[in-house]
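Hello,

Here is the structure I promised to pass on to you. Have a look at it first, and then read my notes below.

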Amino acid sequence: MTEKTNSLFDSRNRAELLTIKKASEWATHYTGRKVTPSNISYLIQYGRIKKIGENGNVFVVKQDLIDYYHSFNGKREVSWKDKLGDDLNWALSFEQYKESETTKHVHRLHPYKGKFIPQLVEYFLDSHIDDFKKEIFFRAGDIILDPFCGSGTTLVQANELGMHAIGIDVSAFNAMISNCKILKYDLIDVKNEIDHITVELKKFLSKSHTIKFEEELIQALNEFNTKYFPTPEYKLKLRDGEILEEEYGAEKEKAFLPIYFNLIEKYKIKLKQGESKNFLNRWYLNPVREEIELVFNLVKKIKNHNTKKIVSLILSRTIRSCRATTHSDLATLKEPITTTYYCSKHGKVCKPLFSILKWWQTYSNDTIKRLYEFDKLRTKTYQICLTGDSRTIDLISELELKQPSLADLVKSKKISGIFSSPPYVGLIDYHEQHAYAYDLFGFKRQDELEIGPLFKGQGKEARNSYVEGISRVLLNCKKYLADDYNVFLVANDKYNLYPTIAEKAGMKIVNQYKRPVLNRTEKDKGAYAEIIFHLKDK
Ligand SMILES: C[S@@+](CC[C@H](N)C(=O)[O-])C[C@H]1O[C@@H](n2cnc3c(N)ncnc32)[C@H](O)[C@@H]1O
């Protein structure tokens, strides 16, 4: 032991020092779960416990380990390993990143259910190595393919790392989100166009009764809520069981309705649109729909092609937040609402949205800020997301049409590998989650070409067609891959389908990384893991 470590040893009042190996044995015994030396290294690497000494002579303080396993993160690690198995690789939890980092710059330009975090992509694409990733798989200048591109996370991270990338997605709107993230903009032009639309929207609003109506409604709601849902008293009473939320909420919801309808009458607000089943008619109150039409007509007139795309995306994000739904059903729409309602999320009576102005302004400012941030990191590389079915797409001819320089690159140097998260069996309908955007932009829907959609379920037939679908995608992509390619697929393989998929695609699984997924957007925040399969040519 060095002098330095000796003095720390003393100052910690006989705290015990352990080598990494001893620490892993001790922690395995202490937690009753397998803790490997790599797990201990990870705790050191991310500052969870201190490292004493250097190089071959590294120690950790036993008390630090005890503190960690008693902390929230430590307890979670142990309980998740209990449920998901000791091979869970905690280094891939990325728990050290704040939400603002996992949704950094363009990654939060538009909501999208089912995206992976940029740090996961970065981990496998970049040139670091550690105890878990012992090899560098990709280098600057390489071409990366993501045949299930979704909202473009791989494309953006490839750009940051100086790599070219090609995405493919069967959903036209997902391809639009991806391309908007990596396009280069004249930000002054974007700002001017947004400002022009905002002025027009405000003019339109000033001629309608909506603003006055909403002001009076908000005033009435504030008075009502202060009286019947005082904070924090109301929530405390709920907690102590003095108030039954369902009954009380329904009663007060009913009590407010006459006030609401009086205001609707007073300001002659038309709530509903026609009877049509189309999404925009069904899910928007009439005043909101009128504003959407106004803004969309202005967007169509924008001359600069890229500006038009990003402003369209802002409009889409805006209208997504303005659907006539309760606050708690935003993610999973149930029934459109046209009146005030008791909101269990906020513990008071809330109202639907009558104008898009607030969200339009918020998202416009946010988008410009995010585009500026990404501009500072951007490298001079090519990325594009093509709309198509990855089982059958002819990559070269599509690229020749849309991005000829990238087509030439693929022909001359081939694609180094794939980083992708395929859809899981029967979990999400990717077109349906953006039904409002398909209606607004009139994009062609190709739901029937989605592999493993929710609407096909998770039964035997669905699983078989999933295996068939993913393996066909890999076979099609293989044509464009270099011989020593690396394929990384992030999947929640609860039916153990990937060994068969690899076999059918003429690939072999050479490694598996089991990753805990901590920050899920879904309501269920329980223990959940996904596997990153590493495949190579057979
Ligand atoms: C799990 S998501 C990918 C999310 C992405 N990694 C991200 O971070 O945004 C899977 C995607 O595969 C797409 N997809 C489904 N079937 C497809 C097919 N046959 N060809 C191409 N893409 C398909 C879906 O539309 C969806 O966007």
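Where is the place of Ser178? Ser178 sits in helix H9, residues 172-182; helices (H or I, at least four residues) and strands (E, at least two) are DSSP runs, numbered from the N terminus. Before I go on, please note that this is a predicted model, in which local features need pLDDT of at least 70 and side-chain atom pairs count only at pLDDT 80 or more, while totals for chains, interfaces and linings use all residues. Residues are numbered from 1 along each chain as its sequence is written, and side-chain values use heavy atoms, with hydrogens and water left out.

Back to Ser178: this residue is buried, with a relative accessible area of 0% (buried means under 20%, with a 1.4 Å probe and protein chains only). Not counting residues up to four places away in sequence, Ser178 touches Cys149, Gly150, Ser151, Gly152, Leu155 and Cys385 (contact means heavy atoms within 4.5 Å).

Next, the ligand. It is surrounded by 26 residues, and the closest are Tyr112, Ser151, Thr153, Asp169 and Asn174 (a residue is near if one of its heavy atoms lies within 4 Å). A polar side-chain atom of Tyr112 lies 2.6 Å from a ligand oxygen atom, and one of Asn174 lies 2.9 Å from a ligand oxygen atom. Asp389 places a polar side-chain atom 3.0 Å from a nitrogen atom of the ligand. The protein covers 99% of the 610 Å² of accessible area that the ligand has on its own (Shrake-Rupley method, 1.4 Å probe).

Ser171 is 279 residues from Glu450 in sequence, yet 8.1 Å away in space, C-alpha to C-alpha.

Finally, helix H5. Among its buried residues are Trp80 and Lys81, and the buried residues of H5 pack against helices H2 (20-31), H3 (37-45) and H4 (62-70) and strand E10 (507-516). Gly85 follows H5, with a positive phi near 110 degrees.

Best wishes

Notes: Buried means under 20% relative accessible area, exposed over 50%, partly exposed in between (1.4 Å probe, protein chains only). A polar contact is a pair of N or O atoms within 3.5 Å; within protein, one must be able to donate a hydrogen and the other to accept it, and residues adjacent in sequence count only if both atoms are side-chain atoms.
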